Amino acid sequence: GVSLPVWAATYSFGSGGIFTPNNPPPCDGGSWSRSGSTFTCTGKVTLAAGDEVYVSTSWFESLDDIVVYANNGFELNNNIIGDSSKTITLQSGYGNIVSSGTNTITGDVITSYGAINLTATTVNGSITTNSIVTTNGGSVSGDISAGNGVSLTDTDVAGTITATNGSIVLNGGQIDGLVTSNCCTITADGTDLLGGAYSGSNSLDISNGTIQGDFYAGGNPATFDNVVMM
């Protein structure tokens, strides 16, 4: 058969009145419902390349910042989600939040059980998960908090990084806030750690970057190699 081109679409969440239409992206394997400022997809939200998602800016629209909750996660691909006037927080239940291409999310990124794996993504907000956070490129304007570990490559974080249970591995990038693992090793190579690092019960292994702030390794070695202390 002939494959037809897929055109990028612009979707908008609205309160659903005659002057405030609700035009959400597809909910694969499920359906949409709304409760106040939270829109729930019982399936998975998969966006096509170049799709953009906003909150309605209709003159009559009462919605401001919203939460978009998807049970089975999100798959992003060169998308823009939310803007500074009306943010969109992406929240997943069991599914992962995964991105490819270059993406901008203005709002928080949250999962209950799924992993968060972002490529070249600008998050104008915080990242919170009970699972694992992995990024490659991009930036985060807020904090990162993960249950089972953090692995960042060439990512700039303006806030703190906390792993309640799991190691933290950083390659490149700059972290402005404190980096904390309650249990496990913190490894950084070529990363500018400007807010210090704290390993509650394990070791620090820091190389080839700049550091400032307080550093603590709970009963284990703190190793610094070719590091500029500011």
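Is Phe215 buried, partly exposed or exposed? At 25% relative accessibility, Phe215 counts as partly exposed; buried means under 20% relative accessible area, exposed over 50%, and partly exposed in between, with a 1.4 Å probe and protein chains only. The tour returns to this residue below.

The model is predicted: local features need pLDDT of at least 70, side-chain atom pairs count only at pLDDT 80 or more, and totals for chains, interfaces and linings use all residues. Residues are numbered from 1 along each chain as its sequence is written, and side-chain values use heavy atoms, with hydrogens and water left out.

**Stop one: the sheet**

Display the strands. Strands (E, at least two residues) and helices (H or I, at least four) are DSSP runs, numbered from the N terminus. Eleven strands form an open sheet of mixed pairing, in the order β2-β3-β6-β9-β12-β15-β18-β21-β24-β27-β30. Its edge strands are β2 and β30 (215-217), each of which pairs on one side only. Two strands pair if DSSP finds at least two bridges between them. Strands of a sheet pair through backbone hydrogen bonds, either parallel or antiparallel.

Select residues 161-163 and 179-181 next. These are strands β21 and β24, which pair in the parallel sense over three bridges. Thr162 has Thr180 in β24 as its bridge partner.

**Stop two: the disulfides**

Select the bonded cysteines. A disulfide is a covalent bond between the sulfur atoms of two cysteines; here it is assigned to a pair of cysteine sulfur atoms within 2.5 Å. The structure holds two disulfides.

Cys27 is joined to Cys41, with an S to S distance of 2.1 Å. This link is right-handed, with 85 degrees about the S-S bond. Cys27 lies in the loop between β1 (10-13) and β2 (32-35), and Cys41 in strand β3 (residues 38-41), so the pair ties together parts that are 14 residues apart in sequence. Both Cys27 and Cys41 are buried.

Move on to Cys183 and Cys184, whose sulfur atoms are 2.1 Å apart in a disulfide. The link of Cys183 and Cys184 is left-handed, with -90 degrees about the S-S bond.

**Stop three: aromatic rings**

Show the side chains of Phe, Tyr and Trp. Their rings (for Trp, the six-membered ring) pair if the centres lie within 6.5 Å; planes under 30 degrees apart count as stacked, over 60 as edge-to-face and the rest as tilted. The structure holds six aromatic pairs.

Begin with Tyr198 and Tyr216: the ring centres are 4.8 Å apart and the planes at 15 degrees, so the pair is stacked. Tyr198 lies in strand β27 (residues 197-199) and Tyr216 in strand β30, so the pair ties together parts that are 18 residues apart in sequence. Tyr198 is partly exposed, with a relative accessible area of 34%, and Tyr216 is also partly exposed, at 40%.

Return now to Phe215, which forms an edge-to-face pair with Phe224, at 5.8 Å centre to centre and 90 degrees between the planes. Phe224 is partly exposed, with a relative accessible area of 32%.

Then select Phe13, Trp32 and Phe39, which ring pairs link into a cluster.
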